Amino acid sequence: MSGLLQLEGINKSFSGVSVLKNVKLDIYPGEVHALLGENGAGKSTLMKILTGVYSPDSGTVKIDGQPLTLHSIHDARNYGIEMIHQEISLFPSLSIAENLLIGREKIFSKMGFIDRTKLRERTNEVLQRLMLKKDPNTLVKELSVGEQQLVEIAKALLMDVRYLIMDEPTAALTDLETERLFDIIQSLKASNVGIIYISHRMEELFSIVDRVTVMRDGQYIDTRMIKDATEHQLVSLMVGRSVTERYPKEQASVGEEILRLENVSSAHVHHITLNIRAGEIVGIGGLMGSGRTEVARIIFGVDRKTKGNLVWKQQVCNFKSPVEAIKKGIAFATEDRKQQGLVLSAGIRENISLPTLKQRSKFGFIESSKEKTLVNSMITKLRIKSHSMDQEACRLSGGNQQKVVLAKWMATEPSLFILDEPTRGIDVGAKQEIYRLMNQIVAEGNAILLISSDLPELLGMSDRVYVMRDHTIAGELQRDSFDQDVFIKIATGGELQ
Ligand SMILES: Nc1ncnc2c1ncn2[C@@H]1O[C@H](COP(=O)(O)OP(=O)(O)OP(=O)(O)O)[C@@H](O)[C@H]1O
Ligand SMILES: [Mg+2]
């Protein structure tokens, strides 16, 4: 078939460390090809070679047997290869339209000037296709993370693509947005676009993918038709061992109440009453925008409460800032880890040890052996894949960056750990590690507040779940009577099925 894209014998190392070893991959036009592998397996690096961001040390990329010259993303674009990146790379203070224009000025120029009308028309067309109901002049910083991801996708659709790489496009999307994306994938397929699809959400692969290639530790493992594969087989190929229990929930003994909210309101949520006891994992579920994160923001002293009481370990408190909340023993791993959780230019060691620096300094000096022990134990516990503990955070794979954020908070040994979407973008093997860590945290007499859009995960790991709807709590479910349908009914007010 004409238009076969092939990568052959690709090798790549960074500072002498080999991250891709003789990797191959081929994509037919009109095919959706999933690329699977654990965090750090080399998926994004391989795709950056295909898009001219990195040059391989050896190996070739061909279309119909003809080698391509790929020295830049512009070269790749000329062959019709576009990539939707894992990291959102938009300019927050520019508008949607301006963000779409960057790097594509040539297409929209008319006699040396930018053809604003054409740009606006094309932007509107793409936004409509993505059903993103926003004025193209809206500033990107005013959009939610999910909407920003849609703009990232819009960037790739602005051009006529032949091959489209999607690196975890659904990580921050709602179910509805994901469905729309799948419709778009179907229509791209119908117009013969070849799609490479990277995702850690195994269950979604089976509805849209034709073939799947698995990588492990920078090596090619296998390619299969998805209809001939089971989820269990693919997971085993990825992690190199058999993974049995998906949610290894253990029951901890429940102790004293740690936190209580009594009829609390803020500018974003109202009449929130809930409690969390030592030893409990308490879930907060609900649709995106129902106010889950906003509840966490009140507890952590980011948003002011306008009404009601916050009771921390039997004392009425009012955290005026995150610093106060951290001092009392609260940690908050936010959903937006890239922007709020990491110093990208600093090493793993600094990132993990930053919040607890004081505990390890003596007369103003950092006890570096203590620091090293702490950082090393976190790297092992969370299986953070890196060359050294001083590797810059920006050079870690996406999933490993998230693990560093979790490690940083774990090091503060909090009594209450608020986890907002803790496993988004994290591979199946590492998810299990995080679930085990959650068990361990509560077994030690601490508590977890878990916010997750992944319903099986929320119900799999929580002891109780508060269901939010329209900025307030609409119901509470106990573990022994968890039921997905009941949950969805409460979360949607029974309107949707
Ligand atoms: N610019 C770089 N410099 C040094 N090492 C790098 C660089 N980019 C990637 N690496 C390393 O290469 C390996 C593969 O990373 P890559 O981002 O390709 O993984 P991935 O499969 O996309 O993982 P994830 O699922 O977490 O996104 C990792 O060990 C990473 O630390
Ligand atoms: Mg990646």
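Reader: Where contacts in the protein have a separation of 6 or more, what share comes from residues 24 or more positions apart?

Author: A contact here means heavy atoms within 4.5 Å. In the protein, residues 24 or more positions apart account for 67% of the contacts with a separation of 6 or more. This is a predicted model, in which local features need pLDDT of at least 70 and side-chain atom pairs count only at pLDDT 80 or more, while totals for chains, interfaces and linings use all residues. Residues are numbered from 1 along each chain as its sequence is written, chains are lettered from A and ligands numbered from 1 in the order in which they are written, and side-chain values use heavy atoms, with hydrogens and water left out.

Reader: How many helices and strands does the protein have?

Author: Helices (H or I, at least four residues) and strands (E, at least two) are DSSP runs, numbered from the N terminus; the protein has 17 helices and 24 strands. Its radius of gyration, taken over C-alpha atoms, is 24 Å, close to the 23 Å that the globule rule (2.2 Å times the number of residues to the power 0.38) gives for 497 residues, so the protein is as compact as a globular protein of that length.

Reader: Is A190 buried or exposed?

Author: Buried means under 20% relative accessible area, exposed over 50%, and partly exposed in between, with a 1.4 Å probe and protein chains only. A190, which lies in helix α6 (residues 175-190), counts as exposed because its relative accessibility is 70%, whereas 55% of the 497 residues of the protein count as buried.
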